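I'll jot down what I look up as I go.

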Amino acid sequence: MLLIQCPYCGLRPELEFAYAGQAHVARPADPSATTPDQWTEFLYLRDNTRGIHAERWRHVRGCARFFNALRDTTTDQFLATYRAGESMPVLQQAGQKP
Amino acid sequence: MADALHFTYSPGRLGRREGAPGLVLQELTQFALASVIARKGQAAQAVGAAQRAFGASPPTTPTIAAGSDIAFVWSGPGHWLALGPQSTESFEARLGTVFGTHASVFDQSGSRVLLELRGPRVRDVLAKGVSIDLHPRAFRTGDVAVTTASHLAVHLWQVADEPVYRLLVVRTWFDSLWRWLAASAAEYGCEVMAPTPYTL
């Protein structure tokens, strides 16, 4: 069973979690000043990364909190998890660029 | 006991009849329960207020903290379940006075069933439906987990090293949880005790 480190609860089985899309997608501060292309970019367009992807997860069957994770989409390995609002951790291993 | 909303069971022996029971199961009744959720940025103040009033500091890690007659079960960051004995005084009002504007308090009394589980095979029984590691190196007395048991959301905590666990489950799911527990404990033998009033 894949274990995911919840920043609040610790190591928990994957089945307690729900994927919640790409992380660090910021809503434009002034929507009325954005162009339709910028709004489309924010609303619909997401990265389709092969490799390390920053994404939101929710510990829905536990503490119910959202947090962020760095996951390798080719191996499904979770490289780091961190609380919402914290900046993306810098991975130590060479060749890994979030 | 013949309440349409309350699943009923009888004290006695379930499953294997020979030898000592592997699981001893007892419902704890007559407790008051409330959720306490700190307002934005007020978690530290809420913890301080409870510490001064109850002598129990609501935990900031998944653990349980007990004062003289009240216990705080961690439920999430800035979120706790307060457990206390049932009394004529409103539990919600008593907590609300202490937390003031630092936290929102809602009475949950009657919404959950509290079970105490003990016996030599209690970990083996729980392992059939609880997917977290309950080995003493990972989960100790005082530790709390908000997790699932047989796919039902529960609060689980350890109250003694023997080990003894307490399991808090939503009342309307008690029926399902009970069936899973009875089936899981059958091979070890399960002694169902008569319900007893809650104590810390």
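Is Ser150(B) buried, partly exposed or exposed? I find Ser150(B) partly exposed, as its relative accessible area is 23%. For reference, buried means under 20% relative accessible area, exposed means over 50%, and partly exposed is in between, with a 1.4 Å probe and protein chains only.

**Ground rules**

I'm working with a predicted model, where local features need pLDDT of at least 70 and side-chain atom pairs count only at pLDDT 80 or more, while totals for chains, interfaces and linings use all residues. Residues are numbered from 1 along each chain as its sequence is written, chains are lettered from A and ligands numbered from 1 in the order in which they are written, and side-chain values use heavy atoms, with hydrogens and water left out.

I went back to Ser150(B) for its backbone: phi is near 50°, a positive value in a residue other than glycine. Ser150(B) sits in the loop between S9 and S10 of chain B. My helices (H or I, at least four residues) and strands (E, at least two) are DSSP runs numbered from the N terminus.

Chain A has an entry here too: Asp76(A) is not a glycine, yet its phi is positive, about 65°. I placed Asp76(A) in the loop between strand S5 (66-72) and strand S6 (77-83) of chain A. Asp76(A) is partly exposed, at 31% relative accessible area.

I also noted a cis peptide bond from Glu162(B) to Pro163(B), with omega near 10°. Pro163(B) belongs to the loop between S10 and S11 of chain B.

**Where the chains meet**

I looked up the contacts (heavy atoms within 4.5 Å): 13 residues of chain B touch eleven residues of chain A. The two chains bury about 970 Å² between them, 54% of it on carbon and sulfur atoms. That buried area is the accessible area (1.4 Å probe) that two parts lose on being put together, summed over both.

Which three residues supply 42% of the area that chain B buries against chain A? I got Pro77(B), Ser131(B) and Val146(B), more than any other three.

Polar contacts do turn up, in four residue pairs, both at pLDDT 80 or more. A polar contact is a pair of N or O atoms within 3.5 Å; within protein, one must be able to donate a hydrogen and the other to accept it, and residues adjacent in sequence count only if both atoms are side-chain atoms.

On the chain B side, strand S5 (71-76) and strand S9 (144-149) each give two or more residues. S9(B) gives the most, with four.

**Inside chain B**

My next stop was the largest nonpolar core, with 31 residues. Such a core is a set of buried Ala, Val, Leu, Ile, Met, Phe, Trp, Tyr and Cys residues joined through side-chain atoms within 4.5 Å. Among the residues touching the most other members are Leu23(B), Phe174(B) and Leu181(B). H4(B) brings the largest share, six residues.

Leaving aside neighbours within four places in sequence, I see Leu181(B) in contact with Leu23(B), Leu25(B), Leu115(B), Leu117(B) and Val125(B). A second, separate core of 30 residues includes Val36(B), Ala38(B), Val105(B) and Val146(B).

**Last entry**

I found Asp124(B) in helix H3 of chain B, partly exposed at 32% relative accessible area. A polar contact of 2.7 Å joins its side chain to that of Arg121(B).
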